[in-house]
Amino acid sequence: MTSLDMPQLLALAGAIGWASGVRLYLVVLLVGLAGFFGWMPLPGGLQMLSHPVVLVASGFMVFVEFFADKIPGLDSLWDMVHTVIRVPAGAALAAGVFGADNGAMALVAALLGGGLAATAHTAKATTRAAINTSPEPFSNVGASLVEDSLVPASLWLAVAHPVVFFIVFAIVLVMSVWLIRKSWRFLRGLVSRVRKIFSGKPDPGVVPAFQLKKPSSEDKSNV
């Protein structure tokens, strides 16, 4: 089993950092399984993830998170609790791609991994909080399933096709920033609306965070 080359290591560090901000335990489980079954040569700093105890623990947490992330309200609480877990863990796992033998690259990977984990976590948390204002649960479950599939896809693409990964990853980062701005603006409007309601002022309403089209002039006149 040949070792990973530099483009693959860089792509893997980026994928692990970003994916840790979305599904930390799934990242640990998948990378550990890849090393345990010999699907991928794990760098020295990540070999501990293939230990049976780590696999059992991460597998249990993946099971818990899978269901917790699909219950509206509970998913946002889960994200809130994991704000202090996903970012440092993403930095540590990204640094583990290069290990202690390459201190400079490990430090750079830790900084980038932590930043990518923070970006992914913020995009996930704000978007899911905005989605939770919808009265139906299907959009929440759908968003969660998309996140479930993005993690293994990003890890595989980083190792199998690192150049393609970097191109797709750049697009995902741009979309993440857009989602953060869109969702954050919506949540600020929602908080302002709640404050006005409790202070006795008229309810100004709030524009949905995500809508397919703008209301037409006829719709406005019929309101």
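1. Of the 223 residues of the protein, 40% count as buried, where buried means under 20% relative accessible area, exposed means over 50%, and partly exposed lies in between (1.4 Å probe, protein chains only). This is a predicted model, in which local features need pLDDT of at least 70 and side-chain atom pairs count only at pLDDT 80 or more, while totals for chains, interfaces and linings use all residues. Residues are numbered from 1 along each chain as its sequence is written, and side-chain values use heavy atoms, with hydrogens and water left out.

2. The secondary structure comes to eight helices and zero strands, helices being DSSP runs of H or I with at least four residues and strands runs of E with at least two, numbered from the N terminus. Among contacts (heavy atoms within 4.5 Å) between residues at least 6 apart in sequence, 71% join residues at least 24 apart.

3. Leaving aside residues up to four places away in sequence, Val97 touches Leu9, Leu12, Ala13, Ile16, Pro43 and Leu46.

4. Six aromatic pairs are found in the structure; rings of Phe, Tyr and Trp (its six-membered ring) pair if their centres lie within 6.5 Å, and planes under 30 degrees apart count as stacked, over 60 as edge-to-face and the rest as tilted. Phe66 and Phe67 form an edge-to-face pair, at 5.2 Å centre to centre with 85° between the planes. Phe66 is partly exposed at 33% relative accessible area, and Phe67 is partly exposed at 46%. Elsewhere, ring pairs link Phe36, Phe37 and Trp39 into a cluster.

5. The charged end of Lys70 sits over the ring of Phe66, 3.7 Å from its centre, the criterion being NZ of Lys or CZ of Arg within 6 Å of the ring centre and within 35 degrees of the ring normal.

6. Which residues does Asp148 touch, not counting residues up to four places away in sequence? They are Arg23, Leu26, Phe66 and Lys70. Asp148 lies in helix 6 and is buried, with a relative accessible area of 15%. Its side chain makes a polar contact with the side chain of Arg23 (2.7 Å), a polar contact being a pair of N or O atoms within 3.5 Å; within protein, one must be able to donate a hydrogen and the other to accept it, and residues adjacent in sequence count only if both atoms are side-chain atoms.
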